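I went through it place by place and wrote down what I looked up.

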Amino acid sequence: MTEPVETYNFYPALQRNVTPTASGSEVVSYTSDLGDGGPILTLIHGYPQSAFIWRYLVPLLLPKVSLFIPELPGYGISTPISASTGDHTKRAVGHALLDALAQVFSTNNSSSSSSSSSPSSSSSPRQVILAGHDRGARICHRLAVDATSSPSLPDETKSFFSHHNLTITGLIMLDILPTKSQWDFFSCPSLSQNYFHWPLLANVELAVPMITAFGVDEWVRGGHLRLVGSASDSKERIMRDDAVEVHVKLFESGETVRWTCEDYKAGAQKEVDEQVEDLRKGRRVEVDTLVMYSWEKLGRGGGVDVEGVWRGWVGDGVELEVVGVEDGRGHFLPEEAYDVVGERVVRFLERFGL
């Protein structure tokens with residue numbers, strides 16, 4: 001890879017877009033549109049990674065569904081959300097991503113480039129199936145609750161989806177618990193050992209200089225190796241195509257380190273309060289949901305009844321499928337367990353006629 005990683009197109013078979021958004025972020029995304037007005041599948045990455053983590057799944061999914069694969073704002077490729085907003089929450093980031101999605105797919109479906117600057121509301125809403133891993137899955141969770149659960153949401157939150165002519169019809173989350181539940185499980189020693197970086201990163205003013213002093217390259221490499229599974233080829237799968245080194249390069253910017261720490265700070269404060277309020281007011285996910293998790297790192301190996309936890313966060317009668325991935329696969333499921341994940345995602349998409 002001779003081109004700078006910040007401008008490189010990880011997916012030559014897809015269109016690479018740079019989209020200004022109302023958030024102030026210029027969102028980079030990789031997209032394909034089957035041109036039938038059918039559902040769009042998002043693939044949203046987590047920490048400390050990039051959209052490159054989906055490289056195993058894209059060839060499998062490309063013929064089946066339109067794709068929107070964004071780079072998270074502030075993670076080294078998409079520019080951060082405007083500092084003037086002071087908002088690093090999953091809702092704010094999710095809105096930036098869907099703003100970009102609406103613009104890109106409006107452009108792709110329009111015969112006139114002059115109409116591409118604003119989403120159209122004259123046609124039926126475009127269906128979106130939200131899928132993400134790690135922090136990306138948390139964005140998907142927040143957006144799915146906002147889009148599908150009606151009780152007591154602020155008007156501006158409820159109107160976001162209609163304004164962008166989007167409807168959320170499915171949800172796929174890889175290797176997470178709800179944010180509040182994750183914090184609650186810090187009472188479990190083995191799980192808190194795996195997730196020690198949560199409280200560290202949330203203390204931004206300490207975390208940034210500590211990571212910088214330790215060495216960003218060592219931090220990012222170590223973060224991968226610490227949570228990879230015990231399977232004999234798991235490490236090779238996450239490192240193939242120099243993927244870990246790509247992520248090291250993206251985090252070498254001090255801005256990336258700080259922004260990602262701010263992400264975790266929001267996850268320790270406002271986002272937990274929001275989820276407490278969700279539960280109090282009966283706001284749940286109200287669309288078909290697939291959860292996949294590492295049995296070794298998060299499930300019974302980590303001491304957590306993952307399905308039992310998620311049952312409390314979806315509405316009555318909602319189809320919830322929870323799959324523990326075994327055989328020594330760790331946290332990085334889109335890479336370590338791409339074969340198992342790909343099979344399950346394709347099966348889930350069949351519910352939508354795809």
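I started at Thr21, which sits in the loop between β1 (15-20) and β2 (26-32). Helices (H or I, at least four residues) and strands (E, at least two) are DSSP runs, numbered from the N terminus. I note that this is a predicted model, where local features need pLDDT of at least 70 and side-chain atom pairs count only at pLDDT 80 or more, while totals for chains, interfaces and linings use all residues. Residues are numbered from 1 along each chain as its sequence is written, and side-chain values use heavy atoms, with hydrogens and water left out.

Is Thr21 buried or exposed? Thr21 is buried, because its relative accessible area is 11%; buried means under 20%, exposed over 50%, and partly exposed in between (1.4 Å probe, protein chains only). I found a polar contact of 2.7 Å between the side chains of Thr21 and Ser23. A polar contact is a pair of N or O atoms within 3.5 Å; within protein, one must be able to donate a hydrogen and the other to accept it, and residues adjacent in sequence count only if both atoms are side-chain atoms. Leaving aside residues up to four places away in sequence, Thr21 touches Val27, Ala96, Asp99, Ala100 and Gln103, with contact meaning heavy atoms within 4.5 Å.

Next I looked at the strands on either side of that loop. β1 and β2 pair in the antiparallel sense over six bridges; two strands pair if DSSP finds at least two bridges between them. Asn17 stands opposite Ser29 in β2. The two strands, β1 and β2, form a hairpin with five residues between them, and Gly24 in the turn has a positive phi of about 100°.

I then went through backbone angles. Most residues other than glycine have a negative phi, and most peptide bonds are trans. The peptide bond from Tyr47 to Pro48 is cis, with omega near -10°; Pro48 lies in the loop between β3 (40-42) and α1 (58-61). Asp241 is not a glycine, yet has a positive phi of about 65°. I place Asp241 in the loop between α10 (234-239) and α11 (243-251), where it counts as partly exposed at 45% relative accessibility. Asp327 also has a positive phi, near 60°. Its loop runs between β8 (320-325) and α15 (333-336), and at 69% relative accessibility Asp327 counts as exposed.

For helices I took α12 (residues 254-268), which has 15 residues and reaches 21 Å from its first C-alpha to its last, close to the 21 Å expected at 1.5 Å a residue. The expected span is 1.5 Å times one less than the number of residues. Ser253 caps the N-terminal end of α12, with a side-chain oxygen 3.1 Å from the backbone nitrogen of Glu255. Buried residues in α12 include Trp259, Cys261 and Tyr264.

In α13, Glu271, Val272, Glu274, Gln275 and Asp278 are buried. They cover an arc of only 160° around the axis, so they lie on the same side of α13; the arc is that of the directions from the helix axis to the C-beta atoms. The face turned away from the buried side of α13 carries the exposed residues Asp273 and Arg280. Gly282 follows α13 and has a positive phi, near 80°.

Last, I searched the whole structure for disulfides (a pair of cysteine sulfur atoms within 2.5 Å), and the search finds zero. Cys140 is buried at a relative accessible area of 0%, and Cys188 is buried at 17%.
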